Structures are given as structure tokens and as C-alpha cells.
Amino acid sequence: MEIVIRPDYDRLCDEAAAVVFEELARKPDLVLGLATGRTPLGLYERLARRPEAFARACFFNLDEFYGLPPTHPESFHAYLRRHLIDRVRHDPAGVNLLRGDVTDLDQAARDYEDRIRAAGGIDLQILGLGRNGHIGFNEPGSSLGSRTRAKTLEPETVAEYAKSGQDLPRFAITMGVGTIMEARRLLLLASGEGKAEIVRQMVEGPVTAEVPASAIQFHPRAVVVLDEPAASRLKRRDYYKWVYANKYRVGQKAPGEAPAPPPPRS
Ligand code: PGA
């Protein structure tokens, strides 16, 4: 797991955007998994400035409230269209967002897994982190091998969303932890002091279904981008910063290595 600690939320978003653009440069037809919530808003703002980068990308998302149609302003569908998709794409092909207004949730969940497979799997999955340790709507106790399915939300999660004054459903459809873990790369963002304790548990605590996000400790290519307040309870905070400062970057010289000769003149 790569832990990146940036001084503030703006720098966190810059770093996260750099990861997404790096993946898009490598693979213009990137299969990108999107997250909702407050945390990725600054990231989406940055991504939306370069719509041309998304011309061939394909989109999936993590979760949706059960019962909300895509047109409902509080649906995750509407959120993602507003903050990213409608700003970078005008072609519906390749946009695969979960719908909350389906009649057969189990069938919809199976179809979604099929669509992910048909797209070749998710290349980069963006994640937020719930205060209770959820990723997607995989609440504590979710099987770490779970697939896309219906999920009953914790009262605290419902209350968190109700703060916005909305009476929202208590059920959701969500990618499972197992589905998320199959993405080739994970990019998890967490910001603010309120996330510090759950970040500590996710990164430095045991892997447990009590903290579904802790499963990412098993992922071979997970990058966790934090701001200082969210990183404040990490025991090995200084080490993560040291690793970042000394990170090997493509084209970088190893210490003591002779400078490269100038390119030949043509
Ligand atoms: P937040 O939500 O970004 O609004 O904190 C994160 C989540 O619940 O996944």
C-alpha cells in the first residue's frame, strides 16, 4: 500500500488527479470506477478541466441508493453526472452507472458484474472512506469477498446523509469488497481530522470485516492519498513521508548515478 500525505485538501486533490491522468495517459480507454461523497469533489473539479482526456474512457460507479431514479437530485447517478460525466462526455456509450430504480436488485447486481467483466475489468477504482470504515456501501460486517449486491445501511450512514436534510433510503446497491479488490489499481482518498481514527484502523489495524476498507491491505496496487489531518493518527506517518520523498519515479536517477549524456544531435 502506498500512503501519500499532502499538507491540505487542495494538494490531496492535485495528487489524486495526477494518478488518474497518469493512468489515462497509459491507457486512453481506461475503465474508471467512480466514487461519490464530499471527498472526491476537488478531484472531479480537476478532472473536468481536461475533457479530452476522457474521450475513450469508460465509467462505472460504486453504489446507489435503492429506490432513487437516476433523475433524483440526491442519487449518486445525478451526482456523478453533475460533477464529472456531463462535463467530460456527451456520449452515453461507456457510461455504466448503477441504477436505484430497478425492480429486481439481484438481477441488476449480476448484470453489473457481467458488464464490468465485459469491459475487461476496472483499471482504476476511486474510493472514499466512510467514518465507519465502509468502502462503497459495504458497511462493517460485509464479507471481504462480497460481490455487487443489495445492502442495508447502518443507522449512522443514513443519519450522515440525512444531515443534508434529505430523507433517503435505508437500502443500497453496492459493488462488493471482492468486486472492488479486483480493480487493477485502487485510489482511496480521505480528508480531515474526522477520518483520522478510521484511516489508522484501515492502514495500520488488522484486516477485518469490521473495517471493510482494511481489505485494501491485501491489494497489490493501492494508493491512499491523505491530507495531514486525516493522517494525524498514523504511527508510521514519518516513514510514509520519507518513502514519498524518496519515491522512485520513472526516469529518475539513482543516487550517485552519472548524469545521462546529452541526446545525439541529428
Ligand atoms: P465523504 O464520504 O467523502 O462524504 O466523507 C465517504 C464515504 O462515505 O464513502
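Trainee: By about how much of the helix are arginine 117 and aspartate 114 separated?
Mentor: In this predicted model, the side chains of arginine 117 and aspartate 114 meet in a salt bridge, at 2.8 Å from N to O. Arginine 117 is exposed, with a relative accessible area of 54%, and aspartate 114 is partly exposed at 40%. Because they are three residues apart in helix α4 (residues 105-118), their separation is about one helical turn.

Trainee: Is glutamate 23 buried or exposed?
Mentor: The cut-off for buried is under 20% relative accessible area. Arginine 221, at 40%, is partly exposed. Glutamate 23 has a relative accessible area of 1%, so glutamate 23 is buried.

Trainee: What is the order of the seven strands in the open sheet?
Mentor: The edge strands, each pairing on one side only, are β1 (2-6) and β5 (95-96). Strand β9 (residues 185-190) is joined to β10 (residues 222-227) by five bridges, and the two run parallel. Pairing in the sheet is parallel, and the order is β1-β10-β9-β6-β2-β3-β5.

Trainee: At about what angle does helix α3 run to β3?
Mentor: Helix α3 covers residues 76-88 and lies across β2 (31-34), β3 (58-61) and β5. Its angle to β3 is about 160°.

Trainee: How far from aspartate 227 is the nearest side chain of opposite charge?
Mentor: Aspartate 227 lies in strand β10. Beyond its neighbours within four places in sequence, its contacts include Ile5, Arg6, Asp8 and Ala190. Aspartate 227 is buried and has no salt bridge; the nearest side chain of opposite charge is lysine 195, at 9.3 Å.

Trainee: What separates the C-alpha atoms of glycine 130 and valine 199?
Mentor: Glycine 130 lies in the loop between β6 (124-127) and β7 (149-152), and counts as buried at 8% relative accessibility. Leaving aside neighbours within four places in sequence, glycine 130 is in contact with Lys195 and Ile198. Valine 199 is 69 residues from glycine 130 along the chain, yet their C-alpha atoms are separated by 9.6 Å.

Notes
Residues numbered from 1 in each chain as written. Predicted model: local features only at pLDDT ≥ 70, side-chain atom pairs only at ≥ 80, totals over all residues. Heavy atoms only, no water. Pairing = 2+ DSSP bridges. Helix = DSSP H or I, 4+ residues; strand = E, 2+ residues; numbered from the N terminus. Contact = heavy atoms within 4.5 Å. Axes fitted to C-alpha atoms, helices over the stretch in contact; angles between N-to-C directions. Buried < 20%, exposed > 50% of the residue type's maximum accessible area, 1.4 Å probe, protein only. Lys, Arg positive; Asp, Glu negative; His and termini not counted. Salt bridge = Lys/Arg side-chain N within 4 Å of Asp/Glu carboxyl O.
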